Amino acid sequence: MTEKPADFIGYLFLARDVAHSVHLNTRSFSKHSALNTFYDEIVGLADSLAETCQGRHGLMGPITLQSAKKTVNIIVFLREQLAELEECRYEAFDKSDTAIQNIIDEIVRLYLTILYKLEFLA
């Protein structure tokens with residue numbers, strides 16, 4: 001992933017798509033429910049992030065749509081994504097912009113909550 005806001009948001013859209021696909025193909029009700037929560041909430045958070053960023057800096061242009069590598073394990077996928085998001089958050093968005101960083105904190109919270117549910121409750 002690169003440091004541009006449009007790439008960061010595109011990465012969140014990719015997470016939504018992967019989570020929805022796994023959600024539809026699991027036989028575990030708890031995994032089904034956790035992933036449903038994830039893909040419902042990540043879209044709203046990505047939208048909020050994009051709108052806040054554009055309110056601060058103007059239009060960012062087209063969102064970068066990405067494709068997933070073959071995903072065997074949703075937990076590994078989400079953990080790897082979370083690590084990348086946390087690694088590049090201050091490159092994509094200024095660290096001192098607390099309004100934007102607060103939304104990213106909520107995105108991190110969502111990933112961690114869903115990972116907890118997938119790892120310990122599914």
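This is a predicted model: local features need pLDDT of at least 70, side-chain atom pairs count only at pLDDT 80 or more; totals for chains, interfaces and linings use all residues.
R109 counts as partly exposed because its relative accessibility is 33%; here buried means under 20% relative accessible area, exposed over 50%, and partly exposed in between, with a 1.4 Å probe and protein chains only. Residues are numbered from 1 along each chain as its sequence is written, and side-chain values use heavy atoms, with hydrogens and water left out.

The partner of R109 in a salt bridge is E41, with 3.5 Å between the closest N and O atoms. This pair links distant parts of the chain, since E41 sits in helix α2 and R109 in helix α4, 68 residues apart. Helices (H or I, at least four residues) and strands (E, at least two) are DSSP runs, numbered from the N terminus. E41 is likewise partly exposed, given a relative accessibility of 33%. In total, the structure holds six salt bridges, each defined as a side-chain nitrogen of Lys or Arg within 4 Å of a carboxyl oxygen of Asp or Glu.

A further salt bridge brings together the side chains of R56 and D97, at 2.9 Å from N to O. Here too distant parts of the chain are linked: R56 is in helix α2, D97 is in the loop between α3 and α4, and 41 residues separate them. R56 is exposed, at 52% relative accessibility, whereas D97 is buried, at 8%. The side chains of E119 and R79 also meet in a salt bridge, at 2.7 Å from N to O. E119 lies in helix α4 and R79 in helix α3, so this pair ties together parts that are 40 residues apart in sequence. E119 is partly exposed at 34% relative accessibility, and R79 is partly exposed at 39%. Through shared partners, salt bridges also join E41, E106 and R109 into one network.

In soluble globular proteins, nonpolar side chains tend to be buried together. Setting aside residues up to four places away in sequence, L12 touches I42, A46, L49, L85, I107 and Y111, where contact means heavy atoms within 4.5 Å.

V22 is placed in helix α1. Beyond its neighbours within four places in sequence, V22 is in contact with K31, L35 and I74. The C-alpha atoms of V22 and L35 are 7.7 Å apart in space, while the two residues are 13 apart in sequence.

With 19% relative accessibility, T26 counts as buried. The side chain of T26 reaches the backbone nitrogen of S28 at 3.1 Å. Apart from neighbours within four places in sequence, T26 is in contact with K31 and H32.

Finally, Y116 is found in helix α4 and is partly exposed, at 43% relative accessibility.

Technical notes: A polar contact is a pair of N or O atoms within 3.5 Å; within protein, one must be able to donate a hydrogen and the other to accept it, and residues adjacent in sequence count only if both atoms are side-chain atoms.
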